[in-house]
Amino acid sequence: MRIDVVSLFPEFIAQCAAFGVTGRAIERGLLTLEGWNPRDHAEGNYRRVDDRPFGGGPGMVMLIDPLRACLREVRAADPRPARVVYMSPQGAPLTQRKARELAASDRLVLLCGRYEGVDERLLRAEVDEELSIGDYVLSGGELAAAVVVDTVARLQDGALNDAESAVQDSFEDGLLDCPHYTRPVAHALGDVPGVLLSGNHAEIARWRRMQQLGRTWSRRPDLIDERALSPADRKLLDA
Ligand code: SAM
């Protein structure tokens, strides 16, 4: 998969390539990540990329032409059709389901805004969808793009050392993950639940499922659709 990020601060995105799972996905040839700066396509001595908004009001708006020329170059860098996503607080929420959908694309282009955002005409002409990482406003789209890169990178086949771990993560089956413990068994902060030491796989699976259901019920009841619960889950939830 290839992800191109269009940003006034492409160095920010380069950092994503340096660490952890994203770094490993790139090293393993599962992901190509590249940053592009619209300022490289801006004209004049000042290489302007923004201007004041028509109608007045505070802030600046990103100009159409540098972004358009930049996107043209980005598209030309790879023959595969690109899905262009504008990172925006007004976009559809990024969920695990959405991340899986994005991770299945061959090519993503993430467009990062700054200031008051991007001229609406550019968005209408060039952007396939808008995506938000939450109901709050960041100063720029770079952090949001980094979130998308991370979540999509770890979903590439072979990016995680144990593919099972992604399947067990929160949201994958609609519930939050269960709690995890490691050595030592006994500690001043508490003991590891006995069932996890029992070696009884059926009991361990049952306990974990109960924990998932209980946690989701208490922390994120909005995720639980009672009508969709299996009879077995319903029993565990009532237990
Ligand atoms: N005036 C815009 C609005 O209220 O919708 C916010 C502009 S914000 C200061 C600058 C840029 O940050 C946006 O163009 C967008 O790219 C990015 N951004 C801010 N919040 C975001 C969020 N929650 N999710 C994704 N991108 C966000």
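Tyr-86 stands opposite Leu-111 of strand S6, and Val-85 has Leu-110 in S6 as its bridge partner. The model is predicted: local features need pLDDT of at least 70, side-chain atom pairs count only at pLDDT 80 or more, and totals for chains, interfaces and linings use all residues. Residues are numbered from 1 along each chain as its sequence is written. Helices (H or I, at least four residues) and strands (E, at least two) are DSSP runs, numbered from the N terminus.

**Sheet**

- Five strands make up an open sheet with parallel pairing, in the order S2-S1-S6-S5-S7; two strands pair if DSSP finds at least two bridges between them.
- Strand S2 (32–36) and strand S7 (129–132) are the edge strands, each pairing on one side only.
- On average, neighbouring strands of this sheet are turned by 30° against each other, direction ignored. Axes are lines fitted to C-alpha atoms, for helices over the stretch in contact, and angles run from 0 to 180 degrees between N-to-C directions.
- S5 pairs in the parallel sense with strand S6 (residues 107–112) over five bridges.
- S5 also pairs with S7 in the parallel sense, over five bridges; there, Met-87 has Leu-131 of S7 as its bridge partner.

**Helices**

- Helix H6 (residues 142–153) lies across strand S1 (2–6), S2, S5, S6 and S7, and runs at about 160° to S6.
- Helix H4 (residues 96–103) packs against H6 at an angle of about 75°, and their axes are 9 Å apart. H4 is therefore roughly perpendicular to H6 (angles under 35 degrees count as roughly parallel, over 145 as roughly antiparallel, 65 to 115 as roughly perpendicular and the rest as oblique).
- Ala-99, Leu-102 and Ala-103 of H4 make the contact with Val-148, Thr-151 and Val-152 of H6; residues are in contact if their C-beta atoms, placed from the backbone, lie within 7 Å.
- The residues of this H4 and H6 contact comprise five nonpolar, one polar and no charged. Ala, Val, Leu, Ile, Met, Phe, Trp, Tyr, Cys and Pro count as nonpolar, Asp, Glu, Lys and Arg as charged, and the others, Gly among them, as polar.

**Ligand shell**

- There are 19 residues around the ligand, of which Met-87, Pro-89, Gly-113, Gly-141 and Ala-144 come nearest; a residue is near a molecule if its C-beta atom, placed from the backbone, lies within 6 Å of it.
- Strand S5 (residues 83–93) gives the most to this shell, with four residues.
- By class, the shell has eight nonpolar, nine polar and two charged residues.

How values were computed. Two residues are in contact if their C-beta atoms, placed from the backbone, lie within 7 Å.
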